[in-house]
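The following exercises are to be worked through with the sequence and the model at hand. Each task is followed by a solution in steps.

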Amino acid sequence: MKRSLCIPLLVVSCFVAGCNAGFMSALVAPQEWSENYALLEGATCTAPGMIDGDLETVAVSQGRNIVVNLPTRKTIHRIVIRETNIEDLIVYHKIGGEGEWKRIDKIKKKRPSTIDMRVSVVTDAIRIRVGGTFDDERIAGQYSYQIGAVRNRQVKRGAPAAKEIELYGFVQKKPQATSESSN
(Lines give C-alpha, C1' and ligand atoms only; values in the text may rest on other atoms or scores of the structure.)
Protein backbone atom coordinates (compact mmCIF):
# COMPACT_ATOMS: atom_id res chain seq x y z
CA MET A 1 0.00 0.00 0.00
CA LYS A 2 2.76 2.44 0.89
CA ARG A 3 4.65 1.68 -2.32
CA SER A 4 1.63 2.51 -4.47
CA LEU A 5 1.38 5.97 -2.83
CA CYS A 6 5.04 6.83 -3.46
CA ILE A 7 4.81 6.68 -7.25
CA PRO A 8 1.89 9.14 -7.60
CA LEU A 9 3.53 11.50 -5.11
CA LEU A 10 6.77 11.38 -7.08
CA VAL A 11 4.95 12.08 -10.35
CA VAL A 12 3.02 15.01 -8.86
CA SER A 13 6.15 16.53 -7.30
CA CYS A 14 8.05 16.27 -10.60
CA PHE A 15 5.11 17.91 -12.40
CA VAL A 16 4.97 20.74 -9.86
CA ALA A 17 8.74 21.24 -10.02
CA GLY A 18 8.76 21.25 -13.83
CA CYS A 19 5.76 23.53 -14.33
CA ASN A 20 6.56 25.92 -11.53
CA ALA A 21 10.35 26.07 -11.57
CA GLY A 22 10.25 29.77 -10.72
CA PHE A 23 8.02 29.11 -7.73
CA MET A 24 10.19 26.26 -6.49
CA SER A 25 13.41 28.27 -6.87
CA ALA A 26 11.83 31.11 -4.89
CA LEU A 27 11.14 28.68 -2.06
CA VAL A 28 14.77 27.60 -1.82
CA ALA A 29 16.40 30.90 -2.83
CA PRO A 30 19.04 32.01 -0.32
CA GLN A 31 18.12 34.94 1.89
CA GLU A 32 20.31 38.01 2.24
CA TRP A 33 21.06 39.43 5.67
CA SER A 34 19.83 42.93 6.40
CA GLU A 35 21.96 45.74 7.68
CA ASN A 36 23.27 45.32 11.23
CA TYR A 37 20.38 46.63 13.37
CA ALA A 38 22.73 47.30 16.30
CA LEU A 39 24.34 50.07 14.19
CA LEU A 40 21.05 51.89 13.56
CA GLU A 41 20.86 55.48 14.77
CA GLY A 42 19.34 55.44 18.24
CA ALA A 43 20.52 51.92 19.15
CA THR A 44 22.13 51.70 22.59
CA CYS A 45 24.04 49.10 24.59
CA THR A 46 25.04 48.77 28.24
CA ALA A 47 28.57 48.21 26.87
CA PRO A 48 28.58 50.84 24.06
CA GLY A 49 31.84 49.64 22.51
CA MET A 50 30.16 46.34 21.62
CA ILE A 51 27.96 48.06 19.01
CA ASP A 52 30.36 50.69 17.65
CA GLY A 53 30.97 48.87 14.33
CA ASP A 54 34.74 48.73 14.92
CA LEU A 55 36.22 45.21 14.98
CA GLU A 56 39.57 46.59 16.14
CA THR A 57 38.29 47.52 19.61
CA VAL A 58 37.42 45.14 22.44
CA ALA A 59 34.66 46.34 24.74
CA VAL A 60 34.38 45.11 28.31
CA SER A 61 31.05 44.96 30.13
CA GLN A 62 30.89 46.16 33.72
CA GLY A 63 28.12 43.69 34.56
CA ARG A 64 26.85 40.22 33.66
CA ASN A 65 23.81 41.52 31.74
CA ILE A 66 24.47 43.11 28.37
CA VAL A 67 21.41 44.80 26.84
CA VAL A 68 21.14 46.08 23.26
CA ASN A 69 18.17 48.43 22.73
CA LEU A 70 16.95 49.19 19.21
CA PRO A 71 15.11 52.38 18.24
CA THR A 72 12.16 50.36 16.80
CA ARG A 73 10.92 46.78 16.86
CA LYS A 74 12.69 44.58 14.33
CA THR A 75 12.43 40.97 13.23
CA ILE A 76 15.77 39.43 14.18
CA HIS A 77 16.95 36.19 12.57
CA ARG A 78 20.64 36.22 13.46
CA ILE A 79 22.68 37.29 16.51
CA VAL A 80 26.48 37.41 16.24
CA ILE A 81 28.87 38.10 19.12
CA ARG A 82 32.35 38.51 17.64
CA GLU A 83 35.66 37.68 19.30
CA THR A 84 34.28 37.15 22.78
CA ASN A 85 35.54 35.56 25.97
CA ILE A 86 32.00 34.51 26.95
CA GLU A 87 31.73 30.79 27.65
CA ASP A 88 28.18 30.37 29.01
CA LEU A 89 25.25 32.64 28.21
CA ILE A 90 21.50 32.91 27.93
CA VAL A 91 19.99 35.24 25.32
CA TYR A 92 16.58 36.86 25.89
CA HIS A 93 14.36 39.16 23.86
CA LYS A 94 12.09 41.83 25.29
CA ILE A 95 8.43 40.89 24.95
CA GLY A 96 6.59 43.77 26.53
CA GLY A 97 6.98 46.29 29.28
CA GLU A 98 9.97 46.91 31.48
CA GLY A 99 11.45 43.66 32.78
CA GLU A 100 9.42 41.30 30.57
CA TRP A 101 11.87 39.01 28.79
CA LYS A 102 11.60 35.63 27.06
CA ARG A 103 14.49 33.23 26.62
CA ILE A 104 15.68 32.65 23.05
CA ASP A 105 18.63 30.30 23.50
CA LYS A 106 21.23 29.05 25.96
CA ILE A 107 24.85 28.22 25.21
CA LYS A 108 27.01 26.20 27.61
CA LYS A 109 30.76 25.68 27.31
CA LYS A 110 31.17 27.53 24.03
CA ARG A 111 34.49 26.94 22.28
CA PRO A 112 34.82 29.20 19.21
CA SER A 113 35.58 32.85 19.86
CA THR A 114 32.58 33.99 17.78
CA ILE A 115 28.99 33.06 18.63
CA ASP A 116 26.60 32.94 15.65
CA MET A 117 22.98 32.15 16.54
CA ARG A 118 19.97 31.70 14.25
CA VAL A 119 16.77 32.93 15.89
CA SER A 120 13.35 34.27 14.93
CA VAL A 121 12.02 37.04 17.18
CA VAL A 122 10.34 40.43 16.87
CA THR A 123 11.66 42.80 19.51
CA ASP A 124 13.27 46.13 20.30
CA ALA A 125 15.79 44.76 22.83
CA ILE A 126 18.10 41.78 23.30
CA ARG A 127 19.62 40.83 26.66
CA ILE A 128 22.67 38.61 27.00
CA ARG A 129 23.04 37.15 30.49
CA VAL A 130 26.60 35.96 30.97
CA GLY A 131 27.11 32.90 33.13
CA GLY A 132 30.84 32.43 32.71
CA THR A 133 33.84 33.67 30.76
CA PHE A 134 37.13 32.05 29.82
CA ASP A 135 38.75 34.62 32.14
CA ASP A 136 36.94 33.30 35.25
CA GLU A 137 39.34 31.82 37.79
CA ARG A 138 38.08 28.82 39.69
CA ILE A 139 39.61 28.46 43.12
CA ALA A 140 39.26 25.04 44.72
CA GLY A 141 38.15 24.92 48.32
CA GLN A 142 38.58 22.25 50.95
CA TYR A 143 37.87 18.66 49.96
CA SER A 144 35.40 16.59 51.90
CA TYR A 145 36.48 12.98 51.61
CA GLN A 146 33.25 11.73 53.14
CA ILE A 147 31.12 13.24 50.42
CA GLY A 148 33.74 13.27 47.67
CA ALA A 149 32.96 16.82 46.57
CA VAL A 150 34.64 20.19 46.76
CA ARG A 151 33.29 22.56 49.40
CA ASN A 152 33.63 26.32 49.52
CA ARG A 153 34.47 26.51 45.84
CA GLN A 154 34.96 30.11 44.77
CA VAL A 155 35.05 31.80 41.40
CA LYS A 156 36.81 35.06 40.68
CA ARG A 157 34.66 36.41 37.85
CA GLY A 158 36.28 37.75 34.70
CA ALA A 159 34.67 40.66 32.87
CA PRO A 160 32.64 39.75 29.74
CA ALA A 161 34.29 41.16 26.62
CA ALA A 162 33.50 41.23 22.88
CA LYS A 163 34.58 43.12 19.80
CA GLU A 164 31.06 43.46 18.42
CA ILE A 165 27.42 42.40 18.85
CA GLU A 166 25.48 42.27 15.57
CA LEU A 167 21.75 41.79 15.00
CA TYR A 168 20.36 40.92 11.56
CA GLY A 169 17.04 40.30 9.86
CA PHE A 170 16.38 39.38 6.25
CA VAL A 171 16.41 41.82 3.35
CA GLN A 172 12.86 42.36 2.13
CA LYS A 173 12.97 41.41 -1.53
CA LYS A 174 10.55 43.08 -3.91
CA PRO A 175 8.64 40.75 -6.25
CA GLN A 176 10.17 40.67 -9.71
CA ALA A 177 7.96 41.40 -12.68
CA THR A 178 7.84 38.50 -15.14
CA SER A 179 8.13 39.01 -18.88
CA GLU A 180 4.49 37.92 -19.28
CA SER A 181 3.20 40.67 -17.00
CA SER A 182 5.25 43.36 -18.76
CA ASN A 183 3.67 42.61 -22.17
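**Exercise 1. An aromatic pair**

Is W33 buried, partly exposed or exposed? Determine also how F170 is classified, and describe how the two rings are arranged.

*Solution.* The model is a predicted one.

Step 1. The relative accessible area of W33 is 29%. Buried means under 20% and exposed over 50%, with partly exposed in between, so W33 is partly exposed.

Step 2. F170 has a relative accessible area of 28% and is therefore partly exposed.

Step 3. The structure holds 1 aromatic pair. W33 and F170 form this pair, with 5.1 Å centre to centre and 20° between the planes. Planes under 30 degrees apart count as stacked, and the pair is stacked accordingly.

Step 4. W33 belongs to the loop between α2 (21–28) and β1 (44–45), F170 to the loop between β12 (164–168) and α3 (179–182); the pair therefore ties together parts that are 137 residues apart in sequence.

**Exercise 2. The surroundings of N85**

Locate N85, decide on its burial and identify what its side chain reaches.

*Solution.* Step 1. N85 is found in the loop between β3 (65–82) and β4 (86–94).

Step 1. With a relative accessible area of 10%, N85 is buried, the cut-off being under 20%.

Step 2. The side chain of N85 reaches the backbone nitrogen of A161 at 2.8 Å.

Step 3. When neighbours within four places in sequence are left aside, the contacts of N85 are T133, F134, D135, A159, P160 and A161.

**Exercise 3. The chain as a whole**

Summarise the secondary structure, the burial and the contacts of the protein chain.

*Solution.* Step 1. The chain has 3 helices and 12 strands.

Step 1. Of its 183 residues, 32% are buried.

Step 2. Among contacts between residues at least 6 apart in sequence, 73% join residues at least 24 apart.

Technical notes:
Residues are numbered from 1 along each chain as its sequence is written. This is a predicted model: local features need pLDDT of at least 70, side-chain atom pairs count only at pLDDT 80 or more; totals for chains, interfaces and linings use all residues. Side-chain values use heavy atoms; hydrogens and water are left out. Helices (H or I, at least four residues) and strands (E, at least two) are DSSP runs, numbered from the N terminus. Buried means under 20% relative accessible area, exposed over 50%, partly exposed in between (1.4 Å probe, protein chains only). A polar contact is a pair of N or O atoms within 3.5 Å; within protein, one must be able to donate a hydrogen and the other to accept it, and residues adjacent in sequence count only if both atoms are side-chain atoms. Contact means heavy atoms within 4.5 Å. Rings of Phe, Tyr and Trp (its six-membered ring) pair if their centres lie within 6.5 Å; planes under 30 degrees apart count as stacked, over 60 as edge-to-face and the rest as tilted.
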